[in-house]
Every structure is written in structure tokens, then in C-alpha cells.
Amino acid sequence: QLVSDIEQQIYSCGEQEVSSVKVGDMVMERLSKLNEVAYVRFASVYRRFKDIAGFERELLQIRERKTEPVAR
């Protein structure tokens with residue numbers, strides 16, 4: 001479903017070319033809502049963490065998103 005959603009969004013934007021960065025960001029956004037572990041695994045490769053500090057920053061962002069109030 002995630003891949004189908006991204007594919008549909010790409011086709012609906014009407015652009016001839018879509019950058020890999022834009023596709024990667026779409027994947028990151030959806031994975032963060034779908035599965036935290038899958039998100040962190042993808043992020044570790046996609047963002048090319050060079051050290052543990054980068055990894056920890058990503059985990060902190062996940063924790064912060066979990067504590068943010070849900071917009072209605």
C-alpha cells in the first residue's frame with residue numbers, strides 16, 4: 001500500500017521527472033507513521049548516518065513526534 005500511495009502521488013504531480021530525494025522523503029514520511037523500526041532502518045541508509053549522534057538525533061525526532069498533540 002505504501003508503494004502504491006507514493007506511486008499515485010508521483011503520477012498525480014504531473015512532473016516528467018521526480019528526484020530520488022523527493023521519493024526518499026515520501027518514503028520516510030510514510031514509514032515514520034507506519035512502523036518506527038522500518039523507518040529507522042531506512043533512515044540509517046537513506047540519511048547515511050556517519051556516527052551514533054546522527055542516529056540518536058533521528059530517534060529523538062521520532063520521540064518528539066510521538067509526544068506532539070494530534071491536529072484535528
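**Ground rules**

I worked with a predicted model in which local features need pLDDT of at least 70 and side-chain atom pairs count only at pLDDT 80 or more, while totals for chains, interfaces and linings use all residues. I number residues from 1 along each chain as its sequence is written, and side-chain values use heavy atoms, with hydrogens and water left out.

**Overall layout**

I looked up the secondary structure and noted 4 helices and 0 strands, where helices (H or I, at least four residues) and strands (E, at least two) are DSSP runs numbered from the N terminus. Read along the sequence, the pattern is α-α-α-α. I then took the extent along the principal axes, and the C-alpha atoms fill a box of roughly 35 × 35 × 15 Å. Of the 72 residues, 18% count as buried, with buried meaning under 20% relative accessible area, exposed over 50%, and partly exposed in between (1.4 Å probe, protein chains only). For contacts, meaning heavy atoms within 4.5 Å, I noted that 26% of those between residues at least 6 apart in sequence join residues at least 24 apart.

**Helices H3 and H4**

I checked how helix H3 (residues 36-46) and helix H4 (residues 52-67) are placed, and their axes come within 11 Å and cross at roughly 145°. The axes are lines fitted to C-alpha atoms, for helices over the stretch in contact, and the angles run from 0 to 180 degrees between N-to-C directions. The crossing of H3 and H4 is right-handed, a term for the near helix being turned clockwise from the far one by less than a right angle, with left-handed for anticlockwise. On the H3 side the contact is made by Glu36, Tyr39, Val40, Ala43 and Ser44, and on the H4 side by Phe55, Glu58, Leu59, Ile62, Arg65 and Lys66. I sorted the residues of this contact into 6 nonpolar, 1 polar and 4 charged, counting Ala, Val, Leu, Ile, Met, Phe, Trp, Tyr, Cys and Pro as nonpolar, Asp, Glu, Lys and Arg as charged, and the others, Gly among them, as polar.

**The nonpolar core**

I next looked for nonpolar cores, each a set of buried Ala, Val, Leu, Ile, Met, Phe, Trp, Tyr and Cys residues joined through side-chain atoms within 4.5 Å. The largest has 10 residues, namely Ile6, Ile10, Met26, Val27, Met28, Leu31, Tyr39, Val40, Ala43 and Ile62. The elements giving two or more residues to this core are H1, H2 and H3, and H2 gives the most, with 4 residues.

Methionine 28, one of the core residues, lies in helix H2 (residues 20-34) and counts as buried because its relative accessibility is 4%. Leaving aside neighbours within four places in sequence, I found methionine 28 in contact with Tyr39, Phe42, Ala43, Tyr46, Arg47 and Glu58. Its C-alpha atom is separated by 21 Å from that of glycine 14, which is 14 residues away along the chain.

**Salt bridges**

How many salt bridges does the rule give? I counted 2, taking a salt bridge as a side-chain nitrogen of Lys or Arg within 4 Å of a carboxyl oxygen of Asp or Glu.

One joins the side chains of lysine 22 and glutamate 15 at 3.3 Å, N to O; lysine 22 is partly exposed at 32% relative accessible area, and glutamate 15 is partly exposed at 41%.

Another joins glutamate 29 and lysine 33, with the closest N and O atoms 3.6 Å apart. The two are separated by about one helical turn, because they are 4 residues apart in helix H2. Glutamate 29 counts as partly exposed at 43% relative accessibility, whereas lysine 33 is exposed at 66%.

I placed glutamine 16 in the loop between helix H1 (2-13) and H2, where glutamine 16 is exposed, with a relative accessible area of 81%. Glutamine 16 and aspartate 5 are 18 Å apart, C-alpha to C-alpha, and 11 residues apart in sequence.
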